[in-house]
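Subject: Structure for your review

Dear colleague,

Please find below the structure that I am handing over to you.

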Protein chains: 2
Amino acid sequence: MISLATADIPIKAWLNLSKCLLTKRIGRGDFVKEFEENMADYFGAKYAIATCNGTMADTVMLMTLHEMYPDKDQVILPAFTFVAHSNSVVNAGLKPIFVDIGENYQIDWKQVIPTDKTLCVFPANLLGKSCQIPSWPEIPILEDCCESMGGSTFCRMFGTEGIAGSFSMFPSHTITTGEGGLIITNNSEFNEIARSVMNHGKFRTNDFTFSYFGTNAKMTNLQAAVGCSLVEKIDEVNKKRRRNVELYNHLLGLNFYAEAPHCYPILYPSKNSRDSALKLLGYNGIEARKLMGCIPEYEFYQKRFGDMGYFPHASLVANTGLFVPVHQNLSQKDIKKICVVLNATRQ
Amino acid sequence: MISLATADIPIKAWLNLSKCLLTKRIGRGDFVKEFEENMADYFGAKYAIATCNGTMADTVMLMTLHEMYPDKDQVILPAFTFVAHSNSVVNAGLKPIFVDIGENYQIDWKQVIPTDKTLCVFPANLLGKSCQIPSWPEIPILEDCCESMGGSTFCRMFGTEGIAGSFSMFPSHTITTGEGGLIITNNSEFNEIARSVMNHGKFRTNDFTFSYFGTNAKMTNLQAAVGCSLVEKIDEVNKKRRRNVELYNHLLGLNFYAEAPHCYPILYPSKNSRDSALKLLGYNGIEARKLMGCIPEYEFYQKRFGDMGYFPHASLVANTGLFVPVHQNLSQKDIKKICVVLNATRQ
């Protein structure tokens with residue numbers, strides 16, 4: 001089986017975990033602090049907040065911003081995205097306003113105008129690719145970088161453009177702590193509130209006083225112990241993944257580019273041909289997935305929110321796209337095998 | 001420092017964690033499955049679902065029930081409780097209907113009448129004590145047992161009374177996985193939907209199809225590796241904790257009882273005397289906390305939900321109560337020291 005996800009576990013992870021057990025600090029603990037400090041350093045951000053997973057990082061970011069601007073409850077995000085991205089909006093008690101994508105998986109900002117209910121725009125650097133960000137100075141930006149840790153362009157490092165950015169350390173992502181998430185921000189008020197929101201809305205004292213609607217999104221010291229062994233690997237992993245993308249491009253005659261590749265996406269002429277390709281990949285022991293969905297097409301979204309607009313490009317990409325692995329532990333032989341199968345499906 | 005929380009880490013936890021690293025299964029993995037099976041066995045329940053923490057276990061239970069009964073959105077719960085309990089209602093997009101408590105920290109069911117919008121009653125076995133459960137056959141029960149794992153009375157095991165029950169493995173609780181939660185149920189539909197909801201609303205296949213509003217509440221294999229080493233300790237821990245409660249009762253001349261003690265609560269004549277006692281305990285290196293709150297008194301609840309009723313007993317207990325440690329690794333000497341300080345505050 002050639003799988004979509006991989007896990008790099010340096011010996012340091014084992015030493016760190018042993019230390020958690022010896023010191024009996026498996027919940028909160030020094031590795032969480034160390035991981036947050038190392039990640040803040042890596043991003044050049046003032047604050048980094050470790051969370052239990054990327055979905056909860058998104059949810060906590062939105063809950064935090066809603067505490068800062070309680071009168072605003074609409075969030076603008078792409079119609080084509082991973083469902084956790086839009087679910088986090090719903091789970092924070094907010095209303096998603098979807099926008100269609102245009103070329104190159106990019107949100108088409110011309111199609112939307114913010115209102116006085118707009119809490120923020122919430123673009124995602126999906127597939128590990130840099131997303132375009134609108135320049136509406138009065139509207140806060142939350143940047144979902146769950147699929148793109150360590151990506152950067154000439155102008156910006158992913159996650160540092162808006163008031164805060166979120167990351168995921170799920171096994172298919174750049175580094176993994178099993179499950180894991182991270183929020184970075186340079187805004188001290190945002191940092192304070194987010195730390196409270198992720199810990200039941202507590203004041204930072206121990207007196208069981210609560211100031212905000214909260215949840216529990218804390219990372220364990222166990223996860224952070226693994227994370228601390230991996231911070232230095234981020235750039236190396238992305239470099240290997242970009243090299244894998246180049247090999248795919250070469251073997252398939254395509255031209256995909258991502259700064260921090262999460263997967264290799266391929267579009268087919270029809271849903272049927274995409275679904276056949278998925279089957280053939282499966283038969284050949286290659287893990288592959290449908291691309292992310294067109295969220296407003298999901299029945300349960302339509303039931304709750306009614307008709308949310310017309311999203312032809314998001315729908316086309318969602319219904320005809322798939323992705324194959326791009327992770328750093330693929331061999332050239334793996335990629336060649338995948339491309340032989342893919343080329344057979346694309347004739 | 002005599003702390004409120006403790007962690008028992010058998011050598012088996014270290015062996016299990018080493019196995020996670022060797023097999024590179026730190027996210028989903030066999031220990032999660034083993035932990036779920038062992039816990040289902042322990043509770044005599046058909047299904048057990050491991051989650052990242054107890055708050056998310058509560059949230060997933062409510063989201064699941066709401067998927068089953070989408071037209072109902074009100075949840076009846078005690079006004080005196082830990083804030084995570086009521087926050088989970090809000091985070092699931094539902095409306096909390098608070099009820100005052102009466103004698104012995106018990107919800108006073110006479111004060112509320114369910115309506116056709118009532119999704120469920122959601123009592124908590126708070127402080128490790130058995131809660132009374134109303135007999136409204138048409139209203140589903142979700143039972144919060146976050147503070148009472150392994151507790152049972154003559155008639156019932158906590159968590160098995162309603163459609164589902166939730167547990168927490170936070171360090172102050174009976175067993176700990178750092179952070180961790182569990183849902184048990186005998187209802188196969190509930191089990192299927194809950195497993196989907198906690199994993200982004202996915203179908204159980206791998207094809208990225210989504211059927212429900214979801215979140216990410218998955219437990220890591222790292223947490224489960226620790227959990228698997230602790231299942232057999234639950235009854236032993238509760239026995240030790242009950243013995244600690246007896247010693248407190250003897251030394252303080254009080255009469256508290258809990259089946260699965262989470263802490264030892266003490267009520268003072270006034271807020272001032274309680275706050276002074278907390279200070280004195282702190283000076284003496286004894287970790288103690290205000291008792292849980294009267295949730296509808298919290299300013300952020302009032303801002304969002306307006307006036308939610310009159311809760312004099314919940315308010316009194318919340319404003320005059322504190323709790324001290326009762327965990328299984330306290331020595332008799334610790335408890336005697338705590339009681340000397342407590343007796344000084346109660347003169």
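The notes below set out what was found.

Please bear in mind that this is a predicted model.

Overall form of chain A

Chain A is built from 11 helices and 12 strands. Along the principal axes, its C-alpha atoms occupy a box of roughly 65 × 50 × 35 Å. A compact globule of 347 residues would have a radius of gyration near 20 Å, and the value for chain A, 20 Å, agrees with this. Of the 347 residues in the chain, 63% count as buried. Among the contacts in chain A with a separation of 6 or more, 67% are between residues 24 or more positions apart.

Cysteines

How many disulfides are found over all chains? A search of the whole structure gives zero. In general, a disulfide is a covalent bond between the sulfur atoms of two cysteines. The cut-off applied here is a sulfur pair within 2.5 Å. Two cysteines illustrate the result. For A:Cys131, the closest cysteine sulfur belongs to A:Cys145 and is 7.3 Å away, which is too far for a bond. For B:Cys228, the closest cysteine sulfur is that of B:Cys20, at 8.9 Å, and this too is too far for a bond. Are these two residues buried or exposed? A:Cys131 counts as buried because its relative accessibility is 8%, and B:Cys228 counts as buried because its relative accessibility is 4%; the cut-off for buried is under 20%.

A:Pro140

Where is A:Pro140 placed? A:Pro140 sits in the loop of chain A between strand 5 (118-121) and strand 6 (142-144). With a relative accessibility of 18%, A:Pro140 counts as buried. Leaving aside residues up to four places away in sequence, A:Pro140 touches A:Leu65, A:Tyr69, A:Leu119, A:Cys120 and A:Val121. A:Asn53 is 87 residues from A:Pro140 along the chain, and the C-alpha atoms of the two are separated by 23 Å.

With kind regards

Conventions: Residues are numbered from 1 along each chain as its sequence is written. Chains are lettered from A and ligands numbered from 1 in the order in which they are written. This is a predicted model: local features need pLDDT of at least 70, side-chain atom pairs count only at pLDDT 80 or more; totals for chains, interfaces and linings use all residues. Side-chain values use heavy atoms; hydrogens and water are left out. Buried means under 20% relative accessible area, exposed over 50%, partly exposed in between (1.4 Å probe, protein chains only). Helices (H or I, at least four residues) and strands (E, at least two) are DSSP runs, numbered from the N terminus. The radius of gyration is taken over C-alpha atoms; the globule rule is 2.2 Å times the number of residues to the power 0.38. Contact means heavy atoms within 4.5 Å.
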